[in-house]
Amino acid sequence: MTSKPSQVPVYVPTEGEVVQQAYVVTPTVVPEVSSMTITDDMIKTYSLARTIKILTVIDMFFSFMYCFYNPWFFIPLLLAISGYMGAVKFNANYIFLYATYVVLDVFAKSAIFFASYASLSNDEKADHLFNVILVILSIFISIWITTVLFKFIKLLNKLTLLELDHLRNRGIPRHRLVYVWY
């Protein structure tokens, strides 16, 4: 089915007449890439981004609660927001900043706790056994979060710009969604 080109009347000004030209916005249409095949790396990257969003929201919640106790906790809050924005925008630099914070945080917390634990007497150490278990559990969780973050960065670096653009703007259809928790 072909359509006839429409004819638009054109006004031709007379000599000396000033005509203001209307500002016309021509929409720029980005061509749809309908032939984009969704790869396994794209699915894993999108799923890891969802996992990171959940983890950073939890981190933001606790950092926000700690901000009422001490204003210095705004720094971890901002770093958690950086991790969230990195997962939303698929930006490896934001994620790397957040991953650096997680690594430094686990080292600092562990060093401070075990240094103070070493200075306790044997009777006091027995009273803090539950705290030791919690710190060790916290270390393992932080290591797991760090591995998730670095897998995400590694997958981001493997994707092409076209694939990243597809993830940023269109995502992955729900029926192709896979949760990656390892």
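Helix α2 passes helix α3 in a left-handed crossing, where left-handed describes a near helix turned anticlockwise from the far one by less than a right angle. This is a predicted model, in which local features need pLDDT of at least 70 and side-chain atom pairs count only at pLDDT 80 or more, while totals for chains, interfaces and linings use all residues. Residues are numbered from 1 along each chain as its sequence is written, and side-chain values use heavy atoms, with hydrogens and water left out. Helices are DSSP runs of H or I with at least four residues, numbered from the N terminus.

**α2 and α3**
- Helix α2 (residues 74–89) and helix α3 (residues 92–118) pack at about 140° with axes 7 Å apart, the axes being lines fitted to C-alpha atoms over the stretch in contact and the angles running from 0 to 180 degrees between N-to-C directions.
- Residues in contact (heavy atoms within 4.5 Å) include Leu79, Met85 and Lys89 of α2 and Tyr94, Leu97 and Tyr101 of α3.
- By class, this contact of α2 with α3 has 10 nonpolar, three polar and one charged residues, where Ala, Val, Leu, Ile, Met, Phe, Trp, Tyr, Cys and Pro count as nonpolar, Asp, Glu, Lys and Arg as charged, and the others, Gly among them, as polar.

**α1 and α2**
- Helix α1 (residues 40–67) packs with α2 at an angle of about 160°, their axes lying 8 Å apart, which makes α1 roughly antiparallel to α2 (an angle over 145 degrees).
- The crossing of α1 past α2 is left-handed, and the contact draws on residues including Ile52, Asp59 and Phe64 of α1 and Phe74, Ile81 and Tyr84 of α2.
- The contact of α1 with α2 has 14 nonpolar, three polar and two charged residues.

**α1 and α5**
- α1 and α5 pack at about 140° with axes 9 Å apart, which makes α1 oblique to α5, and their crossing is left-handed.
- Among the residues that meet are Asp41, Lys44 and Leu48 in α1, and Trp144, Lys151 and Phe152 in α5.
- By class, the contact of α1 with α5 has 11 nonpolar, two polar and four charged residues.

**Largest pocket**
- The lining of the largest pocket comprises 24 residues, of which Asp59, Asp105, Lys109, Ser138 and Ser142 lie nearest its centre.
- The elements giving two or more residues to this lining are α1, α3 and α5 (129–158).
- The lining residues divide into 17 nonpolar, four polar and three charged.
- A pocket is an open set of points on a 1 Å grid over the protein atoms alone, where a 1.4 Å probe fits, with protein on both sides within 12 Å along at least five of seven lines, and lining residues have an atom within 4 Å of a point.

Definitions and conventions:
Parallel < 35°, antiparallel > 145°, perpendicular 65-115°, else oblique.
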